[in-house]
Each structure stands twice: as structure tokens, then as C-alpha cells.
Amino acid sequence: MLYINEESTHRICEERSFGQGRKVEKRKRLRHLFSRPPPRCTYCPKSCSRRSKDRLPPGPLRLPLLGSVLQIPREYPWLTFSQWAKTHGRIIYADALGQPLIVINSAEVARELLDQRSDSCGYREPFILQQYGDNWRQQRKIVAQDFSQNSITCYHSLQEKEAKKLALGILDDPSTLLRQLKLRLGTIIIRVTFGYYLKDENDRFLTSPLTAMDNFSKATAAGVWVESGNVLLPNMCSTVLEEVDRNPFHEQEDQLVWAASAVMGAGLDSNTSTLLIFFLAMTLNPAVQAKARQEIEDVIGRDMLPTIKDKGSLPYIRSIMTEILWWHPAVPLGLPHALNKDDIYEGMHLPKGSIMIANVWYMLHDPKVFPNPDEFDPVKQWLWLRAVSPDRYKNLDSEMDKVTDLVFRFGRRVCPGKFFGEATFFAIVSTVLSTCEILQTVDDKGSKIIPIVTFSSGTIIFPSALEVDIKCWSEKACEMLSRGLADII
Ligand code: HEM
């Protein structure tokens with residue numbers, strides 16, 4: 001049976017209008033198509049005479065009513081979108097039961113559509129996320145101010161201490177890696193957002209379902225500091241409340257609650273995922289661990305642990321972090337954006353209401369750019385760098401930014417926690433690498449169990465069933481972990 005979908009109808013329309021030069025070759029096919037009446041071309045409802053700028057981007061076959069829904073898998077859609085990239089290219093049009101979907105497989109196209117045109121073309125997000133508008137702008141301002149590159153230095157000592165506690169915790173019991181990570185990352189984020197310091201992993205602040213309003217009320221209630229025994233130190237909520245003499249208008253309180261829950265929702269899992277991926281990569285790459293330890297010893301020495309301030313002088317550690325973000329980006333499709341008015345890109349029509357998906361995973365694994373797009377190796381070469389550089393990132397931040405710019409940013413939804421998240425990531429990676437040896441577990445017969453690289457599917461991905469063994473790298477290094485932990489933070 002021959003399906004005539006909107007695309008073929010559209011093609012027919014185009015060919016009727018413009019296909020004069022190709023008439024002869026097309027005539028047979030057209031005769032066949034016209035053996036049954038084509039459905040209405042919804043892209044040019046008024047007339048079949050079309051302008052080329054109204055052409056939709058290429059994409060998978062769309063059936064009447066269903067569209068391409070049968071071809072869009074519920075799990076790991078970025079892999080299917082990446083397959084589509086090979087056939088259909090940089091920008092793809094699909095539809096899921098009438099919902100137009102535009103998949104962007106190229107960093108260049110994403111920058112133009114989601115960054116440069118975000119203001120003029122009025123991109124906004126679907127209803128599941130906050131809509132653009134004054135409220136969103138205010139909330140974003142709250143987060144962006146508190147987590148700006150300059151403001152976050154006051155949180156460094158907290159991040160470094162939690163990194164040490166994590167290393168101590170997993171050395172004590174490696175099987176608790178996931179729990180320890182959640183506790184330490186949760187402690188950092190809740191502390192800098194609400195000012196509250198978690199008591200332990202059963203603290204209701206962490207375990208109760210994320211009710212932003214509850215957390216906000218608990219954290220800002222008078223007396224909470226006396227109860228927790230902590231001094232009130234800077235945090236996002238207190239900073240904003242101080243600005244309004246702790247007496248916010250209802251609207252301001254709403255914005256603050258939203259901002260705080262956005263930080264919790266967006267910051268916790270993405271950081272947890274990225275660090276789990278780090279542990280997975282390290283179990284598979286002992287040589288990378290050894291090289292990292294050597295760099296730390298050469299630059300910092302054996303009598304101190306690295307601090308966040310040392311990040312600039314540890315390029316190999318930064319290359320490892322970049323390679324983790326590249327190897328398996330925690331948010332492989334970013335967050336969806338939506339188009340709130342019709343647009344044209346390179347003569348292709350992008351219909352209003354389309355959900356725009358940036359396939360960051362493909363952008364980072366395009367075989368035309370990366371010779372071995374699945375291999376983890378912080379010093380391997382990108383194809384286009386091979387001639388000029390002995391290693392992949394050349395120890396240059398400008399090269400690493402090519403990865404982080406894709407992993408953290410698009411348009412007005414650029415991750416406002418980027419610098420803060422990277423500082424936490426660095427604190428943990430550098431502390432763990434200088435004190436711990438991350439090993440594969442062994443089975444009953446003493447044979448190593450090589451972890452299988454598999455991930456859960458979802459907006460944020462997690463390595464599945466990761467098991468690691470952790471040993472102290474040197475007694476001296478591990479002794480340093482307990483220093484300075486008793487201070488009030
Ligand atoms: C490795 C860690 C992280 C990664 C990979 C990451 C990645 C992302 C991505 C891809 C987005 C969506 C951008 C888009 O719309 O396309 C995002 C948004 C966001 N991130 Fe992050 N993020 C990380 C850590 C954090 C941290 C630690 C915080 C909080 C301090 C944070 C706060 C946010 C917020 C609030 C948004 C929503 C912004 C908005 O609605 O305008 N993120 N992040």
C-alpha cells in the first residue's frame with residue numbers, strides 16, 4: 001500500500017509549482033501518486049502553489065494522524081535521533097500524533113536557533129517548564145546572581161569539605177557510593193539554597209518528596225538555626241530575603257520558592273549523574289587515574305590536597321572532567337524548548353508550536369568530528385585537531401569549552417549552575433583521585449567484574465547498577481581527609 005503523507009503531498013505541491021526542470025523524471029512517479037487523491041497539504045492550506053521557504057526540514061516518514069510516533073522510541077531517543085542524523089541531516093522534522101518536533105543535530109544550527117534567535121524569535125518552553133515572562137526572568141535572576149562565577153567562591157570551603165567527607169564515606173564502604181553521593185551533593189545544594197545543613201541521609205529535607213514550599217518554610221522559619229546549631233551563613237534564600245528586609249511580597253516569595261526548587265530539581269540529579277559517570281569511567285581506566293595522581297603530586301605535592309583554587313593549574317584533571325561530560329552527557333537532549341511563532345531556517349519552515357530538541361549527544365559524538373566517538377580518553381585527538389595538537393584538549397580551556405558549551409548551554413536556558421556545578425565536580429574528582437584508588441569489584445572466584453556501560457533512559461541519565469571498589473591510595477593522603485572537617489560550615 002502506498003501512503004501519501006504530508007511530506008509527499010507537500011513534495012507534490014512543490015513539484016507542481018517548481019519542478020518544471022525535473023518534469024520528465026518525476027512524471028511517472030507523480031502519475032502513480034495521483035492514482036488516489038492526495039490528502040490536504042496542511043503546510044499550504046490556501047493553495048498548492050508553494051514557496052520553497054515553506055518546505056519543512058527532512059525527517060522520518062509521517063503517517064496520517066500518527067505522524068512519526070511509531071518511530072520515536074520511548075527509551076534512548078537520542079540514539080534514534082542520531083541514526084536519523086545520518087539519513088536526514090542536521091535539522092529534522094518529525095511529528096508525534098500531531099505535535100511537531102524539530103530535532104537539531106548540529107551545534108551550529110542549535111546556536112543559531114536556540115541562542116541567537118531566542119530573543120527575536122521568542123523561543124519558550126513547553127508547559128512542563130516555566131514559561132518565559134517576568135516571573136521566569138526574576139526567578140532566573142535570583143539563581144544566576146547567587147551562582148555567578150564571582151559569588152560562588154564563598155561556597156568553596158563547603159564543597160571541599162563535602163568532597164572529603166564523600167571520600168571518607170566511600171573508603172569506609174564502597175557499596176554506599178550512590179547513597180553517599182546523594183547525601184554529599186544534597187548537603188551542598190540544600191545548604192547553599194536554603195542555608196540548612198543536612199543532619200544525615202535520613203534528614204527529611206532530603207528524603208521527603210520535593211515540596212519546595214515546605215523546604216522553603218522550614219529553612220526560613222525563625223529558630224531553625226538555633227535548632228540545627230548552625231550559624232546563618234550566606235545562602236540564596238537568605239540573600240534574597242535580606243534584600244527585602246525578610247518581608248517579601250507574595251509574588252517575590254513565589255519567585256524565590258520557584259528559584260529554590262529549580263536549583264534542587266536541576267542541580268542535584270545532573271551533578272549526581274555526572275559523578276557516577278566519573279566513577280564508571282575510572283573503573284575502566286586505571287591508567288587515567290595514575291596519570292591524574294601524578295599531575296596532582298607534581299603540582300600540589302604530597303602534603304596537601306587540591307583545593308578548588310588549584311583547578312587552573314591541573315589541566316589533566318580538567319581534561320578528565322571534560323571527557324566525562326563528553327563521553328556521556330548527563331542531559332543528552334538538554335531540556336526541550338518550544339517555538340512560539342513560525343520561523344524559517346535555510347529555506348525550511350519551522351512551524352509555530354514545534355518542540356525543539358537539541359541532540360547534544362549526537363553533537364558530541366558526530367563521527368565526522370570524533371574518530372572514536374565512544375572511546376573514553378582525555379588525551380585522544382579530535383580529528384580536526386590531529387594535525388596541530390598532540391592531545392585532544394591541548395590543555396586549553398578554549399578546547400574544553402567546546403564540550404562544556406554544548407553540555408550546559410542553550411539559549412536563555414543556559415544552566416545557571418554551570419560554574420557552581422563544575423566547582424563541586426572538580427572538588428570531588430580531585431579529592432577522590434588524590435586519595436582513592438577506584439577499582440573494579442571481584443567475584444567469588446577473585447575475577448574482576450568489568451562494569452558494563454549501560455544507562456537508564458530519561459532526561460537525566462544514570463549508569464545502571466554501578467559497583468566499584470575503593471581503596472586508600474596512600475595512608476598519608478587519606479589522613480589529610482579528616483583535617484578541618486569539624487569546623488562549622
Ligand atoms: C554537571 C552538572 C550539571 C549539568 C550537566 C547541568 C545541565 C543543565 C542543562 C543541560 C540545563 C538545561 C539547559 C536547556 O534548557 O537547554 C540546565 C538547566 C538548569 N540548571 Fe543545570 N546542570 C548542572 C548542574 C547544575 C547545578 C549544580 C545547578 C544549581 C546550582 C543547576 C541549576 C540549573 C537550573 C536552575 C536550570 C534551569 C534554568 C532555567 O530554567 O532557566 N544546574 N542545567
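# Ligand shell, helices and core of a predicted model

The shell around the ligand is made up of 15 nonpolar, eight polar and two charged residues. Here Ala, Val, Leu, Ile, Met, Phe, Trp, Tyr, Cys and Pro count as nonpolar, Asp, Glu, Lys and Arg as charged, and the others, Gly among them, as polar. The structure is a predicted model, in which local features need pLDDT of at least 70 and side-chain atom pairs count only at pLDDT 80 or more, while totals for chains, interfaces and linings use all residues. Residues are numbered from 1 along each chain as its sequence is written.

**Overall make-up**
- The protein has 18 helices and nine strands, which are DSSP runs numbered from the N terminus (helices: H or I, at least four residues; strands: E, at least two).
- Of its 489 residues, 39% count as buried, meaning that 20 or more other C-beta atoms, placed from the backbone, lie within 10 Å of the residue's own.

**Around the ligand**
- The ligand is surrounded by 25 residues, and the closest are Gly 267, Arg 413, Cys 415, Gly 417 and Gly 421; a residue is near the ligand if its C-beta atom, placed from the backbone, lies within 6 Å of it.
- Two or more shell residues come from each of α5 (134-146), α12 (250-284), α16 (397-408) and α17 (418-435).
- Helix α12 gives the most, with seven residues.

**Helix α5**
- The buried residues of α5 are Trp 136, Gln 139, Arg 140, Ile 142, Val 143 and Asp 146.
- Seen down the axis of α5, these residues fall within an arc of 150°, so they line one face of the helix; the arc is that of the directions from the helix axis to the C-beta atoms.
- Among the elements that cover the buried residues of α5 are α11 (236-243) and α12.

**Helix α7**
- Helix α7 (residues 177-194) has 18 residues and reaches 25 Å from its first C-alpha to its last, close to the 26 Å expected at 1.5 Å a residue; the expected span is 1.5 Å times one less than the number of residues.
- Because 15 of the 18 residues of α7 are buried, this helix is largely enclosed by the rest of the structure.

**Nonpolar core**
- The largest nonpolar core has 104 residues, and those with the most contacts inside it include Val 103, Ala 260 and Val 429; such a core is a set of buried Ala, Val, Leu, Ile, Met, Phe, Trp, Tyr and Cys residues joined through C-beta atoms within 7 Å.
- Helix α12 gives the most to this core, with 17 residues.

Methods:
A residue is buried if 20 or more other C-beta atoms lie within 10 Å of its own, exposed if 12 or fewer, and partly exposed in between; C-beta atoms are placed from the backbone. Two residues are in contact if their C-beta atoms, placed from the backbone, lie within 7 Å.
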